[in-house]
Amino acid sequence: MTIQQAITAATTKLEVTSTSPRLDALVLLAHQLDLDTSELLREVGQELSPADSQAYEQLLKQRMNHVPVAYLRGFTEFYGHNFKVSPDVLIPRPETEQLVSYAIQLTPPQAQLVDIGTGSGNLAISVKLARPDLTVYASDTSTAALAITRQNADALGVEIELGEGDLLEPWPEEFAVICANLPYVPQKHPCSPATRYEPQSALFAGTDGLDLYRRLLPQATAKLDPAGLLILEALPQQHKALNRLATNYRLQLEASIDFCLVFKN
């Protein structure tokens with residue numbers, strides 16, 4: 001079987017379960033052959049070895065059972081860099097790149113920034129890569145997640161301070177910017193079948209999805225510098241409720257776009 005024939009057959013199989021069957025077919029075969037997709041498409045007439053064909057079939061079977069492509073490859077791209085991922089961490093989403101952009105643009109020079117619920121470290125590391133002048137902290141309740149954060153930081157050549165614990169508890173410091181992409185999916189919100197492979201505690205947060213933000217807000221106001229910023233991610237339909245909660249702590253909404261909110265102390 002040639003590469004082209006394998007891609008065509010895989011695309012047909014994946015049409016049942018994937019919203020991007022051809023892309024998944026290409027990405028998984030490129031991963032199996034240790035090529036990028038552009039290299040793969042230049043080699044479509046080449047024959048697949050029996051070993052590669054068998055391994056590719058195993059990847060396809062897992063994908064047909066909704067295992068995310070990122071977990072099958074062991075990494076995903078975020079903000080222009082590859083981040084290692086595993087079922088111990090949530091797969092970084094494109095919508096979180098807006099939060100990173102705000103943090104990069106709005107954090108004062110030489111300031112301290114913390115990322116709460118860091119997961120794979122994609123947010124904290126992306127900010128540090130773009131703003132090496134900052135001192136960046138990151139925390140998570142999961143030892144396994146922090147191990148992946150450390151691996152990603154080492155692989156991308158940045159130093160960030162890691163702390164294990166609940167929300168802001170690991171840190172006595174005050175911060176110019178607190179970033180948080182905490183679990184915010186309401187318990188009964190419809191989700192794709194692939195999300196069952198991700199850590200559920202990193203996705204769901206009570207009936208309205210705001211349970212953890214209710215706990216974070218009082219902590220954040222106690223540890224924000226005067227005029228410091230709190231940058232959060234939430235569903236667009238949650239923004240009004242989250243703003244109402246924030247006003248209880250005298251936080252002023254500075255910006256609200258897509259999935260991102262910026263509050264000023």
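Me: Where is the place of His66 in this model?
Reply: Happy to start there. In this predicted model, His66 sits in the loop between helix H4 (50-64) and helix H5 (69-73).

Me: Why does His66 count as buried?
Reply: Buried means under 20% relative accessible area. His66 has 19% relative accessibility, so it counts as buried.

Me: Which residues does His66 touch, not counting residues up to four places away in sequence?
Reply: Leaving out residues up to four places away in sequence, His66 touches Thr17, Pro193, Ala194, Arg196 and Tyr197.

Me: How do helix H1 and helix H2 pack?
Reply: Helix H1 (residues 3-14) packs with helix H2 (residues 21-33) at an angle of about 130 degrees, and their axes are 8 Å apart.

Me: What makes H1 oblique to H2?
Reply: Angles of 65 to 115 degrees count as roughly perpendicular and those over 145 as roughly antiparallel. The angle here is about 130 degrees, so H1 is oblique to H2. The crossing of H1 past H2 is right-handed.

Me: Which residues make the contact?
Reply: From H1, they include Ile3, Ala6, Ile7 and Leu14, and from H2, Leu26, Leu29 and Leu33 are among them. By class, the contact of H1 with H2 has 10 nonpolar, two polar and two charged residues.

Me: Why is strand E3 described as largely enclosed by the rest of the structure?
Reply: Four of the five residues of E3 (residues 112-116) are buried, so the strand is largely enclosed.

Me: In what sense do E3 and strand E4 pair?
Reply: E3 and E4 (residues 135-140) pair in the parallel sense, over five bridges. Asp115 stands opposite Ala138 in E4.

How values were computed: Residues are numbered from 1 along each chain as its sequence is written. This is a predicted model: local features need pLDDT of at least 70, side-chain atom pairs count only at pLDDT 80 or more; totals for chains, interfaces and linings use all residues. Side-chain values use heavy atoms; hydrogens and water are left out. Axes are lines fitted to C-alpha atoms, for helices over the stretch in contact, and angles run from 0 to 180 degrees between N-to-C directions. Helices (H or I, at least four residues) and strands (E, at least two) are DSSP runs, numbered from the N terminus. Angles under 35 degrees count as roughly parallel, over 145 as roughly antiparallel, 65 to 115 as roughly perpendicular and the rest as oblique. A crossing is left-handed if the near helix is turned anticlockwise from the far one by less than a right angle, and right-handed if clockwise. Contact means heavy atoms within 4.5 Å. Ala, Val, Leu, Ile, Met, Phe, Trp, Tyr, Cys and Pro count as nonpolar, Asp, Glu, Lys and Arg as charged, and the others, Gly among them, as polar. Buried means under 20% relative accessible area, exposed over 50%, partly exposed in between (1.4 Å probe, protein chains only). Two strands pair if DSSP finds at least two bridges between them.
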